[in-house]
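Thanks for asking me to look this one over. Here are my notes, in the order I would read them with the structure open.

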Amino acid sequence: MAVPPLGFSEQLWRLTTALRPRTTDFWLYYAPRNGGGPHQLRLCDRTGYDFARLTWRSCAECRRGHIMKIRVTSEWQRQG
């Protein structure tokens with residue numbers, strides 16, 4: 001049984017994957033809580049395995065961003 005990504009119930013994740021039968025990777029955006037804090041973009045496969053993640057923070061005044069962390073699991077690195 002697949003473990004759904006953070007913020008998804010099992011039922012919602014099953015529905016999400018069922019509505020996109022040909023999609024193998026899912027890009028999930030997590031907005032900052034309470035309007036402040038880091039943004040996250042996660043890349044998951046159909047089983048809910050989170051194999052890549054980008055975390056960044058942006059400034060509302062100057063509109064610049066700062067990448068805080070990039071993570072890609074070793075089996076998904078060097079895929080092009």
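Predicted model: local features only at pLDDT ≥ 70, side-chain atom pairs only at ≥ 80, totals over all residues.

1. Searching the whole structure turns up two salt bridges.

2. Start with D50 and R53, whose side chains form a salt bridge at 2.4 Å, N to O. D50 is buried, because its relative accessibility of 15% is under the 20% cut-off. R53 has 24% relative accessibility, so it counts as partly exposed.

3. D50 also has a salt bridge with R71, at 3.4 Å, N to O. This pair links distant parts of the chain: D50 sits in strand β3 (residues 50–58) and R71 in strand β4 (residues 65–72), 21 residues apart. R71 is partly exposed, with a relative accessible area of 24%.

4. Which of the seven residues of strand β2 would you expect to be covered? Six of them are buried, and the strand (residues 39–45) is mostly covered.

5. Strand β2 pairs with β1 (residues 25–30) through six bridges, and the two run antiparallel. For a landmark, look at F26, whose bridge partner in β2 is C44.

6. Strands β2 and β3 are also antiparallel, joined over six bridges. Here Q40 has T55 as its bridge partner in β3. Four residues lie between the strands of this hairpin, where G48 adopts a positive phi near 95 degrees.

Note on methods: Residues numbered from 1 in each chain as written. Heavy atoms only, no water. Salt bridge = Lys/Arg side-chain N within 4 Å of Asp/Glu carboxyl O. Buried < 20%, exposed > 50% of the residue type's maximum accessible area, 1.4 Å probe, protein only. Pairing = 2+ DSSP bridges.
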